[in-house]
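Let's go through a few labels and ask what stands behind each one. Have a look at the model first.

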Amino acid sequence: RIEERTLTNNDNICINNYLDHELRPLDPHVIVANARKALGEQGYNLLSKNCEHFTTECKFACSNDPAG
């Protein structure tokens, strides 16, 4: 289950994705909106629906498999 966490204005976050050098990420507001749409979703799977897949779907609006 995915849960939303609140960050303060002083928090700095750097999250790297394997596609960062290949694709242009969406606007940050769109990324956050995509993540919020996923709140409450179930079905985590280590191989086919994990945190890397979630990040890729939110950040780039695609569901590429990080394993290749």
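Q: What share of the residues of the protein count as buried, and what does buried mean here?
A: Of the 68 residues, 15% count as buried. Buried means under 20% relative accessible area, exposed means over 50%, and partly exposed lies in between (1.4 Å probe, protein chains only). This is a predicted model, where local features need pLDDT of at least 70 and side-chain atom pairs count only at pLDDT 80 or more, while totals for chains, interfaces and linings use all residues. Residues are numbered from 1 along each chain as its sequence is written, and side-chain values use heavy atoms, with hydrogens and water left out.

Q: Why is alanine 61 called exposed?
A: Its relative accessibility is 54%, so alanine 61 counts as exposed. Alanine 61 is found in the segment after α2.

Q: What makes the phi of alanine 61 worth a glance?
A: Phi is near 60° there, a positive value in a residue other than glycine. Most residues other than glycine have a negative phi.

Q: Why is α1 called oblique to α2?
A: The axes of α1 (residues 28–37) and α2 (residues 51–60) come within 7 Å and cross at roughly 135°. Angles under 35 degrees count as roughly parallel, over 145 as roughly antiparallel, 65 to 115 as roughly perpendicular and the rest as oblique, so α1 is oblique to α2.

Q: Which residues make the contact of α1 with α2?
A: Ile31, Asn34 and Ala35 of α1 meet Phe54, Glu57, Cys58 and Lys59 of α2, where contact means heavy atoms within 4.5 Å.

Methods: Axes fitted to C-alpha atoms, helices over the stretch in contact; angles between N-to-C directions. Helix = DSSP H or I, 4+ residues; strand = E, 2+ residues; numbered from the N terminus.
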